[in-house]
Amino acid sequence: VRIERFADGGDRPTSEIWQLYDLQGRLDAAIQTTPDGKFAVLTNYRTRQSCRLVRNARGELETVETWSI
């Protein structure tokens with residue numbers, strides 16, 4: 001499921017969320033990103049772990065912080 005958030009009332013989303021569900025309809029994981037793609041938060045509901053991702057010099061998202069939820 002893709003969710004776009006328009007917090008400023010404009011026509012461009014201020015964030016985007018992707019949610020992944022298993023076949024029984026349970027939420028497995030979600031990733032929320034900024035419009036420029038430089039920052040993201042990934043949450044894995046099966047492992048109960050989250051991480052913060054930032055874009056590195058090569059343009060790839062890399063984990064800079066993790067925590068349990």
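Is Glu-16 buried, partly exposed or exposed, and what is its relative accessible area? Glu-16 is partly exposed, with a relative accessible area of 21%, where buried means under 20%, exposed over 50% and partly exposed in between (1.4 Å probe, protein chains only).

The views show a predicted model, in which local features need pLDDT of at least 70 and side-chain atom pairs count only at pLDDT 80 or more, while totals for chains, interfaces and linings use all residues. Residues are numbered from 1 along each chain as its sequence is written, and side-chain values use heavy atoms, with hydrogens and water left out.

**View 1. The salt bridge between Glu-16 and Arg-2.** In this pair the closest N and O atoms are 2.7 Å apart, a salt bridge being a side-chain nitrogen of Lys or Arg within 4 Å of a carboxyl oxygen of Asp or Glu. The pair links distant parts of the chain, 14 residues apart, with Glu-16 in strand β2 (residues 15-21) and Arg-2 in strand β1 (residues 2-5); strands are DSSP runs of E, at least two residues, numbered from the N terminus. Arg-2 is partly exposed, at 46%, and a network of salt bridges links Arg-2, Glu-4 and Glu-16.

**View 2. The salt bridge between Asp-28 and Arg-46.** These side chains meet at 2.9 Å, N to O, and the pair links distant parts of the chain, with Asp-28 in strand β3 (residues 27-33) and Arg-46 in the loop between β4 (39-44) and β5 (49-55), 18 residues apart. Asp-28 is buried, at 17%, whereas Arg-46 is exposed, at 61%.

**View 3. The salt bridge between Asp-22 and Arg-26.** The N to O distance is 3.0 Å, and Asp-22 is buried, with a relative accessible area of 12%.

How values were computed:
Helix = DSSP H or I, 4+ residues; strand = E, 2+ residues; numbered from the N terminus.
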